[in-house]
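Please keep the 3D view open as you go.

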Amino acid sequence: MNKTIDARGAACPQPVIETKKALETCDTVITIVDNDTALENLRRLADNLNCIATCATNNDGIYVTISKSGASPVAPSAVQDASAVKKTEGATLMVVSQDVMGKGDDALGQVLIRAFFHTLAETDPAPDTIVFFNSGVNLLTGISDVIEDIKILEEKNIKILACGTCLDYYRIKDVIAAGTVTNMYEIKELMFSARKIINL
Amino acid sequence: MTTHAEYHYVLFRSVSETMWADKLLKSKSVPRKLIPVPRGISSDCGVCIRLESEFVECARNELASIGEFRIIGPL
């Protein structure tokens, strides 16, 4: 059974939520989106659910086809996706919600966050995943003072994630130099399944 | 990759002076990194500017107007 979802104009993470829900009862779901962030989020959903994703760009949108590959049927949405949760169970998650450290003086906050990321890159332990949102995504651009340290963290297999909505808002989607795009759906899952959350 | 033995560290009297120096060196395109003061130098909380050896003299000249500072290294 197939289903087509028109998610053009839908804000993140609606395309992912609706597609995942549809996959509970359909073998193939075609989701039409209108931006690359939604496309990447759907690809990652397919990955997490062990499905196959293909896409075709037409004049009226990007058609993303997600098909079950013969793996176990997707569980109802009331039950958390076991594979996604298992990956993050016991993990340490760091949340970076601004491009400065602390409140008060932003110039001082910039100094502190530079010092912090240097220390994070040079010493152990480190978190398993770092998610950036709101002004925190500015730290991921090529001209950021901490980008070299973030790249070191990425080389150490620390997952670097940036909220797609925030990248769009700050118009820096095309200039980030580290990390991959995520959505609120995944951010929520990461927060609820982490053993420890460090809020910077 | 540069080893620790090739770094020098510039210490100032205050965070504010460190920030001013960082801004000055940035405006002069001197490669540097603002980092916490290494534990081998001090156990106090503070930040300093780390330079690769080949940029020490250049930085010293540019920072002449700042006032007091110390350059330590290599560790």
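The notes below cover a sheet, a helix lying across it, and salt bridges.

This is a predicted model, in which local features need pLDDT of at least 70, side-chain atom pairs count only at pLDDT 80 or more, and totals for chains, interfaces and linings use all residues. Residues are numbered from 1 along each chain as its sequence is written, chains are lettered from A and ligands numbered from 1 in the order in which they are written, and side-chain values use heavy atoms, with hydrogens and water left out.

**The sheet in chain B**

- Four strands of chain B form an open sheet in the order β2-β3-β1-β4, with antiparallel pairing; strands pair if DSSP finds at least two bridges between them.
- At the edges are β2 (33-36) and β4 (69-72) of chain B, each pairing on one side only.
- On average, neighbouring strands of this sheet are turned by 35° against each other, direction ignored.
- Strand β1 (residues 7-12) of chain B runs antiparallel to β4(B) and is joined to it by four bridges.
- Within β4(B), Ile72(B) is the residue opposite Tyr9(B).
- Helices (H or I, at least four residues) and strands (E, at least two) are DSSP runs, numbered from the N terminus.

**A helix across the sheet**

- Helix α4 (residues 106-122) of chain A lies across β2 and β3 (47-52) of chain B, at about 75° to β2(B).
- Axes are lines fitted to C-alpha atoms, for helices over the stretch in contact (heavy atoms within 4.5 Å), and angles run from 0 to 180 degrees between N-to-C directions.

**Salt bridges**

- Over all chains, the structure holds 14 salt bridges, each a side-chain nitrogen of Lys or Arg within 4 Å of a carboxyl oxygen of Asp or Glu.
- Lys33(B) forms a salt bridge with Asp149(A), with the closest N and O atoms 2.6 Å apart.
- This pair crosses between chains, from strand β2 of chain B to helix α5 (residues 147-155) of chain A.
- Asp149(A) is buried at 2% relative accessible area (buried means under 20%, exposed over 50%, partly exposed in between, with a 1.4 Å probe and protein chains only).
- Asp22(B) and Arg32(B) meet in a salt bridge of 3.0 Å, N to O.
- Asp22(B) lies in helix α1 (residues 15-27) of chain B and Arg32(B) in the loop between α1 and β2, so the pair ties together parts 10 residues apart in sequence.
- Asp22(B) is buried, at 7%, whereas Arg32(B) is partly exposed, at 22%.
- A network of salt bridges links Arg114(A), Asp145(A), Asp22(B) and Arg32(B).
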